Amino acid sequence: MSVSTLPKEAIADPRVFTDPAALHSLLARIRQEDPLTFIEAEDYAPFWLVSRHSDILEVERQATQFINAPRQVLLPLSYEAKARAASGGVETAAIMRNLILMDGDEHKAYRQITQSYFTPKGLEGVTADINQLAAEFIGRMDQAEGEIDFAEVAMAFPLRVVMSMLGVPPQDEPMMLRLTQQTLSSQDPEFQKEGGARAAMMEMYAYFQTIITDLRAAPDGSLASVIANARVDGEFLPDRDVFGYFNIIATAGHDTTSYALTTGMLAFLQNPEQLERLRADPAMMPLAVEEVLRWTTPVKHFCRTAVADCMLAGKEVKAGDLLLLSFPSGSFDEAIYEDPYRFRIDRRPNRHLAFGTGPHVCLGQYLARQELTSFFRELLDRIEYVELAGAPRFVEGSFVGGVKCLPVRYRRL
Ligand code: HEM
């Protein structure tokens, strides 16, 4: 790794995430020199950067001391002010609330609504559908002339998986793709919408209202129906919470998985012997999927707020202080990983932080693993040879990201 010359404040800059080598060299330096460092970057709320694997675990486990309210994501203050003004001063929580901004018993009760659906057992009912969708989307490579932007295939597949679970028909997906990108990767100039992420959220809100009304009139046992008809303390959830649930599954379940696929594919292209090893020994798939998750860590951070004064990593953290959990930093921490900058599909153990940990650990982690497994298995079954055919491009954004453009050349089997 080259020695980073970037100042630590650069970690708040969305552009750093377009250059993984620069990002990781900055994070490695921070882990070594000052692993819990206080950062005051222009146009951002000041925060503690939690960079070590062990400290991220500690913060996430102490969920009553470090809570998710009121700030979950670090965005430029000017961007937030603009978005607030565009929505007439209405706060996002008035439009939708989701699991990520809840804490304690309320979070537990809301998570319980879909928890069993997302367990490996609960997902058995959709595995065949996921395999079939993977075949359909990799099948798109049959029609192309041996060259394609692999991101097009990898973006479309997880979108269809979550949209089918939410009852959205295929013809409405291009709109949903645009809205989820505008909601999640809203710092990237290519994905921006007038009025910001909030305007995209309002558009999605109107759309899901119809689905919710239909499913309350005729419940059908699907995930969408479970959410639409959920009750807490005997009452239907308020509209903003039902919408919040739909919204979080639509957004959290799609871009994240897509970026794991595109960025994982790039890792295989840059390390072709790893792809050949997997082809020769398909039983390595579960380990390979974990290494793809570690290597890509598509969610770059979440925030927590300290409830009371406390000591953390030898520093005094005050009540109300903001902490930023750097998942890519945890996933490449040399205290945990031997040779962290080598992409190795036989890595074991592999306790990466791609899905976070603690009470908020990714609800869709087993679904995401299944999608990655089905997709790469199908790819190996259909494609004999694949190589990079142009420069990959990464998303500009400090929250969720990865490769957004991946030109490849390939030969079918
Ligand atoms: C590779 C793909 C994915 C990655 C890297 C990812 C990552 C994450 C991370 C880091 C968190 C926060 C964990 C924490 O605070 O400790 C999270 C939460 C969440 N994820 Fe995922 N996720 C992925 C796929 C999915 C899928 C497929 C779904 C559902 C369809 C999903 C639904 C959620 C939900 C609902 C939460 C909020 C959980 C809560 O606050 O209790 N995710 N995810």
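Mentor: Donors are N, O and S atoms within 2.8 Å of the metal (3.2 Å for Na, K and Ca), and water is not among the atoms, so sites may look incomplete. The model is a predicted one, in which local features need pLDDT of at least 70, side-chain atom pairs count only at pLDDT 80 or more, and totals for chains, interfaces and linings use all residues. Residues are numbered from 1 along each chain as its sequence is written, and side-chain values use heavy atoms, with hydrogens and water left out.

Trainee: What makes Cys362 a donor to the iron atom of the ligand?

Mentor: Its SG atom lies 2.3 Å from the iron, and an S atom within 2.8 Å counts, so Cys362 qualifies. Cys362 is the single donor from the protein.

Trainee: Where does Cys362 lie?

Mentor: Cys362 is in the loop between helix H16 (327-331) and helix H17 (365-382). Helices (H or I, at least four residues) and strands (E, at least two) are DSSP runs, numbered from the N terminus.

Trainee: Why are S4 and S14 said to pair?

Mentor: Pairing requires that DSSP find at least two bridges between the strands. Three bridges join S4 to strand S14 (residues 407-412), therefore they pair. The two run antiparallel, and Asp149 stands opposite Pro407 in S14.

Trainee: Which strands make up the open sheet, and which are at its edges?

Mentor: The order is S4-S14-S11, with antiparallel pairing. Strand S4 (147-149) and strand S11 (383-388) are the edge strands, each pairing on one side only.
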